[in-house]
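Please examine the sequence and the model shown below. The paragraphs that follow consider a metal site and then some features of the backbone.

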Amino acid sequence: MAGRPENLAGKVAQHVSGERLWDRLMVLSGFGATESGGVNRQALSDEEIAARAQLVRWAEAIGLEPSTDPLANLFLRYRGTNPALPAVLIGSHIDSQPTGGKFDGAFGVLAALEAVEAIIAGGVRPRRSIEVVSWMNEEGSRFAPGMMGSAGFCDVRELDEILRIRDQTGIAVETALHKVMSAESRVSHRPLGAKPAAFVEAHIEQGPILELEGKTIGIVTGIQGKRTFRVEVAGEENHAGTTPRSARRDAFVAAVDIVRALHEALWDDEDVVRLTIGMFNVSPNVPSVVPARVVFSLDLRHPDPARLRALGDAIGEVCRTAAGRCAVAVHELLHEPPLEFPLAIRQTIRSVATALQVSCMDIPSGAGHDARYLHSLCPTGMIFIPCKGGISHNEAESILEHHAADGARVLAEVAFALANAD
Ligand code: GLV
Ligand code: MN
Ligand code: MN
């Protein structure tokens, strides 16, 4: 579904206020602000609840209708002239990593709000409604795996299965959701799903390419594949002073051997494989007890589906071979193949960027996004803007105000075109 060319002339983009967008980004970054200039606003936390309330205040002030579904995905609707038609969704997420930056996700939600505000200021109402969306738990740091709200919305994962997932303190998603719902008793409820006409997610690139190439807009071609695993290594607790090496079943030593073996086995000279062990828990984690148990995460990504399958399939054997006298269990949590966004939406983004004289280039996404699951439900696309030094998932994450404004201008025109398309 491509937009009509007459909608690509900058009619709504001229009403985008880069200053207002930047001010809102700074205000939102105050919810969960860390001392080092980043954000800790994990999914369904008090900080996120407060940030959601701010979003609703901004939305209501310009006449948008807020609603939320059983997974606390938050929608802010600008009603179209034919509200019975499926809506165009634009947005991202406002949860963050525990040591996250100000812009991952937040840029996409606030650029979407700015886009709608510009459309309203242009005095035009599209045929389809446009909904700004903030998906629940994209990051997956508190409740894993991430992209939970969009997975439930797109029926990729069962609601019941999601509700049972617990954080490290034992709080279930269901309990955390109740807290959000009771804080938002004024916000109306809607069921999960309802196939949108299209979804467009604006996001910071989280990599260095746009900055290196000197381009403002990335037309995202697709998202690379990802597999995630939980590895559990089991040894035996024993006394640090009395147990000889020959009698030890040290889960930590085994886990270190496993990690080294994994890095060797999955090594590629081309540097395309992405292998991350980002979470590593040792127990009992005290100085004078031989560790009996280690649980660690494995995040594996690759753009080629066959390579991703082969590499992921090799992990179990590599772990078992390196585990020595300890036992090891490997649980796969997620296997998502690479995907390509439809050409029609990519072309609409390109036409808009060209008409607005904003430089652009095609770019693949190394990071995962809610757009992955929406792609299984409706025509979906993504718009990237540069981020400084490609640094993200880091409190130092940084973007330029004029790139943010250009991203919102492109998004506004794309959303308006899609909302008027047949
Ligand atoms: C998203 O935050 C990802 O890890 O790709
Ligand atoms: Mn993100
Ligand atoms: Mn992220």
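**Backbone and metal site**

Asp271 has a relative accessibility of 52% and therefore counts as exposed, the threshold for that class being over 50%. The model under discussion is a predicted one. Asp271 is located in the loop between helix 8 (251–265) and strand 10 (274–276). Its phi is positive, at about 65°, although Asp271 is not a glycine. Such a value deserves attention because most residues other than glycine have a negative phi.

A second residue with a positive phi is Met147, which is likewise not a glycine and has a phi near 55°. Met147 belongs to the loop between strand 4 and helix 4. Is Met147 buried or exposed? With a relative accessibility of 6%, Met147 counts as buried, since buried means under 20%.

The loop that holds Met147 also contains Pro145, between strand 4 (130–134) and helix 4 (148–153). The peptide bond that leads from Ala144 to Pro145 is cis, and its omega is near 0°. Another cis peptide bond connects Ser283 with Pro284, with omega at about 5°. Pro284 is placed in the loop between strand 11 (280–283) and strand 12 (289–290). For context, most peptide bonds are trans.

Attention now turns to the metal site. Which residues supply the protein donors of the manganese ion (ligand 2)? They are His93 and His203, each through NE2, and Asp104 through OD, at 2.1 to 2.3 Å from the ion. Along the chain, the donors of this manganese ion (ligand 2) follow the spacing H-x10-D-x98-H. Asp104 also bridges two metals, the manganese ion (ligand 2) and the manganese ion (ligand 3), which are 3.6 Å apart.

His93 and Asp104 both lie in the loop between strand 3 (88–92) and helix 3 (106–121), so the pair ties together parts that are 11 residues apart in sequence. His93 is buried, its relative accessible area being 0%. Asp104, the bridging residue, also counts as buried, with a relative accessibility of 7%.

Asp271, by contrast, pairs a positive phi with an exposed position.

Terms used. Residues numbered from 1 in each chain as written. Chains lettered and ligands numbered in written order. Predicted model: local features only at pLDDT ≥ 70, side-chain atom pairs only at ≥ 80, totals over all residues. Heavy atoms only, no water. Donors = N, O, S within 2.8 Å, 3.2 Å for Na, K, Ca; no water. Helix = DSSP H or I, 4+ residues; strand = E, 2+ residues; numbered from the N terminus. Buried < 20%, exposed > 50% of the residue type's maximum accessible area, 1.4 Å probe, protein only.
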